[in-house]
Amino acid sequence: MSPVWVELSYLIVIVLFIMGLKGLTHPRTAVRGNLTGALAMLLACVFTLLGTELFDWTLIAVGVGVGALAGGILAVTIQMTAMPQLVALFNGFGGLASVFVAGAYLAKLLSSAGASNLGADLLVATAASGLIGGVTFTGSLVAFAKLQELKFIKDVRFPGQQALNAGLFLACVVLALLIVRQPGHANLYYWLMVMVSLVLGVFLVISIGGADMPVVIALLNSYSGLAAAATGFVLSNVLLIVAGSLVGASGLILTKIMCVAMNRSLTNVLFAKLQPAKGSGPSADEVYANVKATSPEEVAMLLDVAGRVVIVPGYGMAVAQAQHAVKDLTNYLREKGVTVEFGIHPVAGRMPGHMNVLLAEADIPYDLLIEMDQINPTFEQTDVVIVVGANDVVNPVAQTDPNSPIAGMPILEVHKARTVVNIKRSLSPGFAGIPNPLFAADNSLMLYADARQALIDILKALREG
């Protein structure tokens, strides 16, 4: 293809990318948006390959085959509970790809054009790609380990950690300046900077509590886009610049949304000064002294006379794969004339939109999914709230204890409902690591069970009258 046709093709792809992002902003159009984005990426690869003769087609075919096989296996086998970990890996390998592409192109230019012919703009873009991509890769691996709840990396903090981060960042900046000022040794300085950035990525994320991982995932997603945009400047590829900028900008917007939902500032996220996950205040034994257990039959009796029911999903629903049981209960109640809605917290689960994806998988109508700000004023008029595996996002301590790690975090105010039924295996804390006094409130009942089985038993009791 001639360069003119390639650029025109890129324009079409850019429009498709924008349409895909637009579709992802609403659950009803999310699937279409995802498919549109996938089509855009496929066309981007095809048009890029058709626009040059410099590629080894055998190597390209092998890469496409390996990538398609890995993607297909992941798509079929990945569990919804592991989806956040998969997203973290996607972010990380996107950053690593930028590191290698920028580094390889720099080495090619040094061997062909010579150091004296490398412009400062190219060298700055190369340094930015290596720095951001390196931080993204190892930071995403640490996020993956935290989401996987690997104990050896759960809470790693030590004195002077922030000073170490500042020193590592300063070292990266110095090496980036050397890349620009001494292009004859740019290849050496580039890989040294990449090695330091890999270490920096580890220490930037390793101190962040697991409860804040949704914010971190959104931020790392933005980093991967910025690294790709920088690589686009290295290659003088308009499509890569635009696509990377779209990912970077949308990731930053999502990060801001997550920060508001977690009561965190963007500055704190950028410098890894998120509040620790360890709790404070009274012990769990004190908080849970008056917990009242219930049974599926008792919950069924409550639902049998309820006029309005709100279901609050959490990570426990994902673990139990209870979304289809939730749908069956919802359908039964709605057939009986009960108003049923879902209260969705922005950071419920382990990544942004985790609960929306789970409920959409079970074909629950989108108009039943109500965001936190909209549903909070209605809880006082709610007969029964069923909390399915959620913990921190419904913890009233966020509003009552200014010394709590989650103080000020917006929550779903389920404690204002007439009756709250909490379905959990045990009284174990959420990712924030603190007790939840909701479980022992006067209007609260605990149903100790696997979420899926509990919902099945409740529906069975309802049908049996």
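Two strands pair if DSSP finds at least two bridges between them. Helices (H or I, at least four residues) and strands (E, at least two) are DSSP runs, numbered from the N terminus.

This is a predicted model, in which local features need pLDDT of at least 70 and side-chain atom pairs count only at pLDDT 80 or more, while totals for chains, interfaces and linings use all residues. Residues are numbered from 1 along each chain as its sequence is written, and side-chain values use heavy atoms, with hydrogens and water left out.

**The sheet**

Start with the strands. Six of them form an open sheet in the order β3-β2-β1-β4-β5-β6, and the pairing is parallel. Which strands lie at the edges? They are β3 (369-371) and β6 (444-448), and each pairs on one side only. From one strand to the next, the twist averages 25°.

Look at one pair. Strand β2 (residues 339-344) joins β3 in the parallel sense over three bridges. Ile344 has Glu371 in β3 as its bridge partner.

Helix α14 (residues 323-335) touches β1 (308-313), β2 and β4 (384-388), and its direction makes about 145° with that of β2. Helix α18 (residues 451-463) touches β4, β5 (419-424) and β6, and its direction makes about 130° with that of β5. Contact means heavy atoms within 4.5 Å.

**Helix pairs**

Two packed helices are described by the angle between their axes and the distance between the axes. Axes are lines fitted to C-alpha atoms, for helices over the stretch in contact, and angles run from 0 to 180 degrees between N-to-C directions.

| Helix pair | Angle | Axis distance |
|---|---|---|
| α4 (residues 83-112) and α8 (residues 213-235) | about 20° | 9 Å |
| α4 and α5 (residues 120-147) | about 155° | 7 Å |
| α1 (residues 3-23) and α9 (residues 238-262) | about 10° | 9 Å |

Angles under 35 degrees count as roughly parallel, over 145 as roughly antiparallel, 65 to 115 as roughly perpendicular and the rest as oblique. So α4 and α8 are roughly parallel. α4 is roughly antiparallel to α5. α1 and α9 are roughly parallel.

A crossing is left-handed if the near helix is turned anticlockwise from the far one by less than a right angle, and right-handed if clockwise. α4 passes α8 in a left-handed crossing. The crossing of α4 and α5 is left-handed. For α1 and α9 it is right-handed.

**Who meets whom**

In α1, the contact residues include Tyr10, Phe17 and Leu21, and those of α9 include Val242 and Leu246. By class, this contact of α1 with α9 has 11 nonpolar, one polar and one charged residues. Here Ala, Val, Leu, Ile, Met, Phe, Trp, Tyr, Cys and Pro count as nonpolar, Asp, Glu, Lys and Arg as charged, and the others, Gly among them, as polar. The contact of α4 with α5 has 16 nonpolar, 12 polar and no charged residues.

**The length of α4**

How far apart are the end C-alpha atoms of α4? They are 43 Å apart, which agrees with the 44 Å that its 30 residues should span at 1.5 Å a residue. The expected span is 1.5 Å times one less than the number of residues. Just after α4, Gly114 takes a positive phi of about 90°.
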